[in-house]
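Please read the numbered points alongside the display.

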Amino acid sequence: MKPDYLNAIVHMNELENQTSFNIIPPSNDLKHIVELFWSIKWNLPDGKVFNQQIIPNPHINIVHYGDSTFVEGVVKKLFEYHLQSSGEILGIKFKIGAFNNLTKVKMSTFTNQKIQIGEILEPTQWENLKDLNSTEEKVVYMENLLLNYAHPVDNKGLFVEKVINYIRENKSITSVDMVAKNFNKNIRSIQRDFDTYVGVNPKWIIRMFRLQELNKELEMDSTPHWADLAAKLGYADQPHMINDFKSILGITPREYKE
């Protein structure tokens, strides 16, 4: 079965055909703040451009593009990487609440933003990445930098991660009110914590996980029964599912399959 973190990748088979896509686990010293390192390498023919689309997910990433490094917040619409010629993109996907170890600003500051890392962290250290050759060297270097921020995630950050994992694992969750009742919390309190530790509200999280599940179903099933699929994913009806999908990907699920 495809790991959950790959559900956000649109047309995973095409990505694997056009690039070398790899996941690198963090060291034991960092696994409480880093979910994974990811790398995309490509070598395309002259004139060819490969556009890789990704359904949004609720994680902050540090992304190195070869000569520059950025902090990339949660993107609320379909996200695209445009690849041509040859190169590598190397990213750090942080656990929910963990990027707050690196900065005291709210994660909503980064929502829909791509910010030069020197505006947030000590720039010289991260600039040295461009002088390293192999992916392995870069990952080791990044890990050494992150050890300075490897203290435990605070209790509110851990709570938000728990809520998000609960939403991810329970496909029947369709409203923030259901989440609040399960955790015996005030909705406004949960929304404030999400603003600080994620950058988007819990209603958006519920919606995105359903779209990722829909993406996974479409990748697996060559002839889906649309009404049954809508019911399985907790949509009120098939039109709601279609509109939700189209609002992010720009096409209907049927057009996506075709």
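1. Helix 3 (residues 135–146) lies across strand 1, strand 2 (34–43), strand 4 (61–64) and strand 7 (86–94), contact meaning heavy atoms within 4.5 Å. Helix 3 runs at about 30° to strand 7; angles run from 0 to 180 degrees between N-to-C directions of axes, which are lines fitted to C-alpha atoms, for helices over the stretch in contact.

2. The model is predicted: local features need pLDDT of at least 70 and side-chain atom pairs pLDDT 80 or more, whereas totals for chains, interfaces and linings use all residues. Residues are numbered from 1 along each chain as its sequence is written, and side-chain values use heavy atoms, without hydrogens and water.

3. The protein chain has 10 helices and 8 strands, taken as DSSP runs numbered from the N terminus (helices H or I, at least four residues; strands E, at least two).

4. Six strands form an open sheet with antiparallel pairing, in the order 1-2-7-4-5-8; two strands pair if DSSP finds at least two bridges between them. Strand 1 (20–24) and strand 8 (114–116) are the edge strands, each pairing on one side only. From one strand to the next, the twist averages 20°.

5. Strand 5 (residues 69–72) and strand 8 run antiparallel and are joined by 3 bridges. Glu72 has Lys114 in strand 8 as its bridge partner.

6. Of the 258 residues in the protein chain, 48% are buried, that is, under 20% relative accessible area (1.4 Å probe, protein chains only). The C-alpha trace spans about 55 × 50 × 30 Å along its principal axes.

Methods: Buried < 20%, exposed > 50% of the residue type's maximum accessible area, 1.4 Å probe, protein only.
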